[in-house]
Amino acid sequence: AEYMGLQRQNPTTPPPVPEIQNIITQLPETNRVMLTRLLHYLHHVTTFSNTNKMTSNNLAVCFGPDVLRAREEDLMSVMADLSVIIMFLSNLIQSYHTYFAPWKDLEGPPV
């Protein structure tokens, strides 16, 4: 997937906003709405991380393998890409308002 290449280029740095927004734009409308709403909610959950211990990284560990999947995958490729998936999703959750600013109207009801 395109996001994997972006994150692999520099694993310790979040991918540039325009590139991520370009990938989001290419998603089918239903997927874009669902991703926007899910990440909006996960970002909200992190605001209580002092109490619930659910940091963006912890949420990315839980949700990453299900949210960011290749069309065809095998166990070896999933395991090899897991750290990149977690880093990428953690960045999306942390910087939700930056990456998803153009789709603010898709957030759904306030959480």
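Predicted model: local features only at pLDDT ≥ 70, side-chain atom pairs only at ≥ 80, totals over all residues.
**View 1. Helix H3, residues 29–46.** H3 has 18 residues. At 1.5 Å a residue, the helix should span 26 Å, and its end C-alpha atoms are 26 Å apart, so the two values agree. The buried residues of H3 are Arg32, Val33, Leu35, Thr36, Leu39, His40, Leu42, His43, Val45 and Thr46. An α-helix has 3.6 residues a turn, so residues three or four places apart point the same way.

**View 2. H3 packed against H5.** The axes of H3 and H5 come within 10 Å and cross at roughly 155°. The cut-off for roughly antiparallel is over 145 degrees, so H3 is roughly antiparallel to H5. The crossing is right-handed. H3 makes the contact through Leu35, Leu38, Leu42, Val45 and Thr46. H5 meets them with Ser56, Leu59, Phe63 and Val67.

**View 3. The largest nonpolar core.** The core holds 22 residues. Ile20, Leu39, Leu89, Leu92, Ile93 and Phe100 touch the most other members. Two or more residues come from each of helix H2 (17–26), H3, helix H5 (56–67), helix H6 (75–94) and helix H7 (96–99). H6 gives the most, with 6 residues. Beyond four places in sequence, Phe100 touches Ile24, Leu35, Thr36, Leu39 and Leu92.

**View 4. Ser90 in helix H6.** Ser90 has 7% relative accessibility, so Ser90 counts as buried; the cut-off is under 20%. Leaving aside neighbours within four places in sequence, Ser90 is in contact with Ser56, Asn57 and Ala60.

Terms used. Residues numbered from 1 in each chain as written. Heavy atoms only, no water. Helix = DSSP H or I, 4+ residues; strand = E, 2+ residues; numbered from the N terminus. Expected span 1.5 Å × (residues − 1). Buried < 20%, exposed > 50% of the residue type's maximum accessible area, 1.4 Å probe, protein only. Core = buried A, V, L, I, M, F, W, Y, C linked by side-chain atoms within 4.5 Å. Contact = heavy atoms within 4.5 Å. Axes fitted to C-alpha atoms, helices over the stretch in contact; angles between N-to-C directions. Parallel < 35°, antiparallel > 145°, perpendicular 65-115°, else oblique. Left-handed = near helix turned anticlockwise from the far one by under 90°.
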